[in-house]
Amino acid sequence: MPTVDTSLYGLSSEEAAFFKAQIGIDDDEDLKRHILEVQTKAYKIAPYPCIHRYNFLRMNMSRYPVYEHILKLGRERSDAVLLDLGCCFGVDARKAAADGFPAKNIIASDIKNEFLELSHELFRTTPTSYPGCLLPGDVFDPAFLSIAARPNDICSALAIDLSSLKSLNPLHGRISAINATSLFHIFTEDKQLHLARALAGLLSAQPGSVICGSQVGSLEKGMAATVWGPEHRLFVHSPKSWTSLWDGEVFEKGSVKVETELVKHVIRGVEFFTMGWSVVRL
Ligand SMILES: C[S@@+](CC[C@H](N)C(=O)[O-])C[C@H]1O[C@@H](n2cnc3c(N)ncnc32)[C@H](O)[C@@H]1O
């Protein structure tokens with residue numbers, strides 16, 4: 001893996017305004033120094049491309065077409081819970097909280113507890129000052145997230161004390177919105193299907209409940225090159241295979257609306273696609 005490359009650091013004016021307001025640093029150079037310090041620590045824990053390329057600064061969920069819908073669920077469904085899964089520093093969760101989704105109803109979860117601790121370091125918060133729930137766990141450990149039958153009845157999340165959660169299993173059928181940004185493409189085809197089924201079991205049966213994300217995609221499903229070069233390959237879905245996975249395989253056909261958007265990029269001469277998507281219960 002390449003070493004940390006600070007020349008890749010950069011913030012749009014919107015991102016700079018968000019991090020300055022959230023962290024409480026006004027000066028651009030001070031902000032950069034602070035973010036680089038946290039990034040360097042995180043990269044030593046796990047050298048993910050999203051950390052190397054500063055993708056964690058991008059507030060990805062806020063750019064999805066379903067974002068306003070998610071914020072509306074937070075405002076209008078009294079018990080709406082948002083889960084940011086594979087969250088790294090949980091920047092998407094913090095952005096949603098800043099945009100009005102009740103922070104106490106947001107769970108940010110990652111396999112690396114160190115990333116969750118670094119979330120507090122990045123945002124200069126403590127478990128007292130930030131009421132969101134930070135929950136470590138492995139999405140493939142059934143003691144943390146098992147595959148449940150998709151519920152048809154509506155269960156409230158209000159009955160659950162999020163601050164005492166040790167796993168996601170008590171939330172089967174109770175989550176209104178799930179964000180899984182840059183998560184699925186880390187795993188093999190079989191594991192991607194397993195994860196999709198597990199997320200479906202968490203989702204509330206209420207119409208409008210949503211799962212969204214983005215990941216490396218392709219025109220045809222199969223193995224694809226990444227920004228690291230042709231020797232680093234991932235299993236990726238196409239819009240067609242991703243849509244039929246959710247609508248027909250994971251959920252009963254016709255019970256969800258799936259939207260995808262495939263975007264082409266060329267980085268260091270390597271052409272690749274990212275795919276943004278959402279699955280909304282009808
Ligand atoms: C590529 S990063 C994406 C981070 C963040 N969602 C973003 O968009 O910036 C993938 C994250 O998934 C987490 N992860 C990897 N395997 C996991 C697992 N089995 N269970 C839960 N989280 C996992 C990693 O620790 C990492 O933080």
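1. A residue is called buried here if 20 or more other C-beta atoms lie within 10 Å of its own, exposed if 12 or fewer do, and partly exposed in between, with C-beta atoms placed from the backbone. Helices (H or I, at least four residues) and strands (E, at least two) are DSSP runs, numbered from the N terminus. The model is predicted: local features need pLDDT of at least 70, side-chain atom pairs count only at pLDDT 80 or more, and totals for chains, interfaces and linings use all residues. Residue numbers start from 1 along each chain as its sequence is written.

2. Helix α4 (residues 67-76) has Tyr67, Ile70, Leu73 and Gly74 as buried residues. These cover an arc of only 115 degrees around the axis, which puts them on the same side of α4; the arc is that of the directions from the helix axis to the C-beta atoms. An α-helix has 3.6 residues a turn, so residues three or four places apart point the same way. The face turned away from the buried side of α4 carries the exposed residues Glu68, Arg75 and Glu76. The buried residues of α4 pack against β1, α5 (91-98), β4 and β5, where contact requires C-beta atoms, placed from the backbone, within 7 Å.

3. In helix α7 (residues 189-202), the buried residues include Gln192, Leu195, Ala198 and Leu202. Their cover includes β1 (82-85), β4 (177-181), β5 (210-217) and α8 (239-246). At 1.5 Å a residue, the 14 residues of α7 should span 20 Å, and the end C-alpha atoms are 20 Å apart, which agrees; the expected span is 1.5 Å times one less than the number of residues.

4. The largest nonpolar core has 67 residues, of which Ile70, Leu82, Ile106, Ile175, Ile178, Leu199 and Leu202 touch the most other members. Helix α7 gives the most to this core, with 6 residues. Such a core is a set of buried Ala, Val, Leu, Ile, Met, Phe, Trp, Tyr and Cys residues joined through C-beta atoms within 7 Å. Leaving aside neighbours within four places in sequence, Ile175 is in contact with Val81, Leu83, Ala157, Leu202, Leu203 and Ser204.

5. Ser238 is found in the loop between β7 (229-236) and α8. Ser238 is partly exposed, with 19 other C-beta atoms within 10 Å. Apart from neighbours within four places in sequence, Ser238 is in contact with Gly217, Ser218, Leu219, Glu220 and Lys221. The C-alpha atoms of Ser238 and Glu261, 23 residues apart along the chain, are separated by 9.8 Å.

Technical notes
Two residues are in contact if their C-beta atoms, placed from the backbone, lie within 7 Å.
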